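Hi,

Here is the structure I promised to pass on.

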Amino acid sequence: MTAKIPKKRIAFSTAMFAVMTGVSLLCFEFLGMENNLVSIMVVVQCIMVFLARLDENPAALAGKILALNLCLCILAGLADMNIWLGLVINFGVFFWGPYLLFRDRGMQIYYPFMLNYIYMMVGHPLTFGHMSHRIIIVVCGAVIVGLLQIIVYKKVHNKEENPEKAAIRHNFMKPGPMDTKSLRFSFAFRLALGVTLMWLAVKLFDIEYGKWLIISTHSIIMPTVPAAATKITKRISGNLVGFGIFFVIFALVPSLKIRLLMVAIAGYCSLYFMNRYEVRAACFSFMSLSAISFTEPAGIGFVFRRPVFVIAGSLFAMTINLLILRHDKENTEDI
């Protein structure tokens, strides 16, 4: 007997896919290809914040997200100007971002904000004179978050709301006293150290497509060793599957339109299987390689770098997890 596919999941995946596709097309048409990934990540931020059901005034939440994204835009530009200044800035961003945003291991709100920073820092860095379109994107994202939060805020403060459920909700970016022995501190420190060191290596050796190394490091550094061990296996296996699918399609399907259709299908699957990390990793690997192949004049030599970079970045991240402020317990410890 086949399991029924939840209608809500189909509706949510379809709606989110339509929104992301629409945003991507609009951005490509009016705001430039260099802002395409940034615009998609802003949409992901909106989705994550909406799903977290934060107990916060809509205007205050929109203001905080706008301020955070504007700071990230400016800091990404500054970090690209000077390698030594970049070291200080990147360590600060990757420590304070997760430290202030990380609340619930099941809802990692920090992730799309930090990933967006990586795209702005090494994916498509811009000088301050060319940031106007990027600023338009983050302003629009903050407005969307504020509008969505109106729905959530009414539900949270509804008289019929379960008080036990309401009690577990948190505000966005709520500071607290720093405890150097806490899981939250050790995780933020490991993430900042790992990503900053990998960024330095990419800059010093001028590694082409080095963002894959940085993104893999960012993805695999986790609060605890068991969580990281599970994720590294799924990430590597998923990327190898995505690599294989891309290679077969690139070899057998010459039509650009069909390839674009396959990318769209992969995008939908990544949303539908949002809770299956290995499937998302395979989809993202396929989409990333496809995006480069559309403009790469020198054949597909770049394809073989992705699995190598993903494995290298993941192993480096796992080393950081094991050696720096290591946490082995997967429990309900306060973060």
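The largest cavity holds about 40 Å³ of space. Keep in mind that this is a predicted model. In total, the structure has 2 cavities of 30 Å³ or more. If you want to find the largest cavity on screen, pick out the residues that line it: Phe-246, Ile-249, Phe-250, Arg-259, Phe-286, Ser-290 and Ser-293. Two helices, H10 (225-252) and H12 (277-293), each give at least two residues to that lining. As for how such spaces are found, rolling a probe the size of a water molecule over the atoms shows where empty space is left.

Now for the overall layout. Of its 335 residues, 45% count as buried. The accessible surface comes to about 16,900 Å², and 70% of that belongs to carbon and sulfur atoms. What about contacts along the chain? Among those between residues at least 6 apart in sequence, 79% join residues at least 24 apart.

Next, the inside. Which residues touch the most other members of the largest nonpolar core? That core has 79 residues, and the ones to look for are Val-49, Leu-72, Phe-94, Tyr-110, Phe-113, Tyr-117 and Phe-172. Take Phe-113 from that list: leaving aside its neighbours within four places in sequence, Phe-113 is in contact with Gln-45, Val-49, Ile-65, Leu-68, Asn-69, Leu-72, Leu-101 and Phe-172. There is also a second, separate core of 5 residues, with Met-20, Val-43, Ile-47 and Leu-271 among them.

Start with Tyr-111, which sits in helix H5 (residues 110-123). Its relative accessible area is 19%, and because the cut-off for buried is under 20%, Tyr-111 counts as buried. Not counting residues up to four places away in sequence, Tyr-111 touches His-218 and Ser-219. Tyr-111 and Val-44 are 67 residues apart in sequence, while their C-alpha atoms are 9.7 Å apart in space.

Then go to Ser-39, in helix H2 (residues 36-52). Buried or exposed, what is Ser-39? With 4% relative accessibility, Ser-39 counts as buried. Setting aside residues up to four places away in sequence, Ser-39 touches Val-23, Cys-27 and Ile-137.

Leu-66 belongs to helix H3 (residues 58-81). At a relative accessible area of 25%, Leu-66 is partly exposed. Leu-66 touches Val-138, Val-139 and Ala-142, again without counting residues up to four places away in sequence. For Leu-66 and Val-138, the separation is 72 residues in sequence and 6.4 Å in space, from C-alpha to C-alpha.

On to the segment after helix H13 (305-323), where you will find His-327. His-327 is buried, at a relative accessible area of 16%. The side chain of His-327 is joined to that of Ser-186 by a polar contact of 3.4 Å.

Leu-325 also has its place in the segment after H13. Leu-325 is partly exposed, with 40% relative accessibility.

You will find Asp-206 in the loop between helix H8 (183-204) and helix H9 (211-220). Asp-206 has 68% relative accessibility; the cut-off for exposed is over 50%, so Asp-206 counts as exposed.

Cheers

Terms used: Residues numbered from 1 in each chain as written. Predicted model: local features only at pLDDT ≥ 70, side-chain atom pairs only at ≥ 80, totals over all residues. Heavy atoms only, no water. Core = buried A, V, L, I, M, F, W, Y, C linked by side-chain atoms within 4.5 Å. Buried < 20%, exposed > 50% of the residue type's maximum accessible area, 1.4 Å probe, protein only. Contact = heavy atoms within 4.5 Å. Areas by Shrake-Rupley, 256 points an atom, 1.4 Å probe, with all protein chains shown as cover. Helix = DSSP H or I, 4+ residues; strand = E, 2+ residues; numbered from the N terminus. Polar contact = N/O pair within 3.5 Å; in protein donor to acceptor, adjacent residues only side chain to side chain. 1 Å grid on protein atoms, 1.4 Å probe; cavity = no way out; pocket = protein on both sides within 12 Å on 5 of 7 lines; lining within 4 Å. Points joined across faces, edges and corners; volume = space filled by probe spheres on them.
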